[in-house]
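Please walk through this structure with me, chain by chain and element by element. The sequence and the coordinates come first.

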Amino acid sequence: MAAVQFLFQRRKRKLNEMNEVAFKTKDVTLLEILDRVLDKGVIISGDVVISVADVDLIYLGLKVMLSSVETMERLRGAPIEGPMQEPT
Amino acid sequence: MADQELVYLYCVSTRKPGRRQLNGIDIEIYSVSFQDMHAVVSKVSPEEFSEDNLKRKLGDMKWLEEKALQHEKVIEEIMKQGTVIPFKFGTIFQSDQNLENMLRDNEGNFRDIITDLEGRDEWGIKVYCDIKKFKLALEKEDEKIREIEQEITSTSKGKAYFLEKKKQEILNKVLDEKISECTQDTFNRLRTSSADAKINKLLPQEVTQKEGKMVLNAAFLIEKNRIREFDDILKYLRGEHGRKGLEFDWTGPWPPYNFCSKEEKGS
């Protein structure tokens, strides 16, 4: 995937035991990005509001994405929970 | 339902980027400015990003992965030219005007944040623990455990059985305590050389796909000209705690996602 190849070229690096620069595996990089992009940064209510239920969906999705295909199939079949309280 | 394109916000920058296609990314960015603050945006389709559609799309993992990566890539590009305040994924406006209003409303707040971020980068640490290996190291190093081990070898079979059980009990009780000492040491050493720090929640193994259990997840705001100091800190940490089964994932530089809020200053 073009996006991931771009990441390999980034100056972002993981310093391994021997203190050499080593490029991260695709999955570890993805985890680091999602851990930031989906949960951090300035949180401002734009005109499109993601509710708490949507955020739970993202976290369920985060687990799903990095799990096995089998788990993914099983979880996709699970019912989505009803609407929850909007954050104040 | 409006057909009009929506405005997707990536970050606010101190330098105005020209309207352009970014290298390797299939997105045309432009900026909405308020005085010297420039919101970096692109037009997006309501088919993907209207409230109803976005909610639906969030369940599509391939879509989410692609969009999240794009979000990050845009910010990393802009970051090359100036200080950026990254926004969370999915910050969307109906119009440039609405966005400009938001900038005006938050002017003071954003200026304060930019002041704190200038000349600094975010770096992150994730520490994983191989529990089995850690326990083995504990057995060798903890005095109380070593004493019991001595007793076990020199006593009767029956008594040895009970002593072994007692040993396991003590091991499990001190395990958390000892891991905590290591993570505290890790955090403190990194914190001391940083402008700011934030401890984040631990992620479960099904998400990390790592064998070890995540025991520390933290972000640090570091002066760009001090980053070399951290090589030594990591070297020390790996030397001191690595043999106990602790693994250190040190990554960066990141856009400062963890340091965009005045209320959330780390200790």
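The model is predicted, so to speak of local features a pLDDT of at least 70 is needed, side-chain atom pairs count only at pLDDT 80 or more, and totals for chains, interfaces and linings use all residues. Residues are numbered from 1 along each chain as its sequence is written, chains are lettered from A and ligands numbered from 1 in the order in which they are written, and side-chain values use heavy atoms, with hydrogens and water left out.

Chain A contains four helices and two strands; here helices (H or I, at least four residues) and strands (E, at least two) are DSSP runs, numbered from the N terminus. Along the sequence of chain A the pattern is α-β-β-α-α-α. Of the 88 residues in chain A, 44% are buried, where buried means under 20% relative accessible area, exposed over 50%, and partly exposed in between (1.4 Å probe, protein chains only). Among the contacts in chain A with a separation of 6 or more, 39% are between residues 24 or more positions apart; a contact means heavy atoms within 4.5 Å.

In chain B, five strands form an open antiparallel sheet in the order β2-β3-β4-β1-β5. The edges are β2 (20-21) and β5 (84-93) of chain B, each with a single partner strand, so one side of each has no neighbour in the sheet. Two strands pair if DSSP finds at least two bridges between them. β2(B) and β3 (residues 28-34) of chain B are paired in the antiparallel sense over two bridges, and Gln21(B) has Glu28(B) in β3(B) as its bridge partner.

Ser42(B) belongs to strand β4 of chain B. Is Ser42(B) buried or exposed? Its relative accessibility is 2%, so Ser42(B) counts as buried. Leaving aside neighbours within four places in sequence, Ser42(B) is in contact with Leu6(B), Val7(B), Tyr8(B), Tyr10(B), Ile27(B), Glu28(B), Ile29(B) and Tyr30(B). Ser42(B) and Ile92(B) are 50 residues apart in sequence, with 9.9 Å between their C-alpha atoms.

Helix α4 (residues 96-105) of chain B lies across β1 (6-13), β3, β4 (37-44) and β5 of chain B, at about 45 degrees to β3(B). Helix α5 (residues 107-117) of chain B touches β1, β3, β4 and β5 of chain B, and its direction makes about 140 degrees with that of β5(B). For such values, axes are lines fitted to C-alpha atoms, for helices over the stretch in contact, and angles run from 0 to 180 degrees between N-to-C directions.

The buried residues of α4(B) are Leu99(B), Met102(B) and Leu103(B). They cover an arc of only 100 degrees around the axis, which puts them on the same side of α4(B); the arc is that of the directions from the helix axis to the C-beta atoms. An α-helix has 3.6 residues a turn, so residues three or four places apart point the same way. The cover over the buried residues of α4(B) includes β1, β3, β4, β5 and α5 of chain B.

Which residues of α5(B) are buried? They are Phe110(B), Ile113(B), Ile114(B) and Leu117(B). Down the axis of α5(B), these buried residues fall within an arc of 100 degrees, so they line one face of the helix. They pack against β1, β4, β5, α4, β6 (120-129) and β8 (213-223) of chain B. Gly119(B) follows α5(B) and has a positive phi, near 75 degrees.

The next strands to consider are β6, β7 and β8 of chain B. In β8(B), nine of the eleven residues are buried. β8(B) pairs with β6(B) in the antiparallel sense over ten bridges, and Phe220(B) in β8(B) stands opposite Trp123(B). Strand β7 (residues 196-199) of chain B also pairs with β8(B) in the antiparallel sense, over four bridges, with Ala219(B) in β8(B) as the bridge partner of Lys198(B).

Helix α8 (residues 157-192) of chain B packs with helix α10 (residues 227-241) of chain B at an angle of about 170 degrees, with their axes 10 Å apart. That makes α8(B) roughly antiparallel to α10(B); angles under 35 degrees count as roughly parallel, over 145 as roughly antiparallel, 65 to 115 as roughly perpendicular and the rest as oblique. In this pair, Cys182(B), Asp185(B), Thr186(B), Arg189(B) and Leu190(B) of α8(B) meet Phe230(B), Ile233(B), Leu234(B), Tyr236(B), Leu237(B) and His241(B) of α10(B). Thr186(B) is buried, with a relative accessible area of 1%. Not counting residues up to four places away in sequence, Thr186(B) touches Val127(B), Leu216(B), Leu237(B), His241(B) and Phe248(B).
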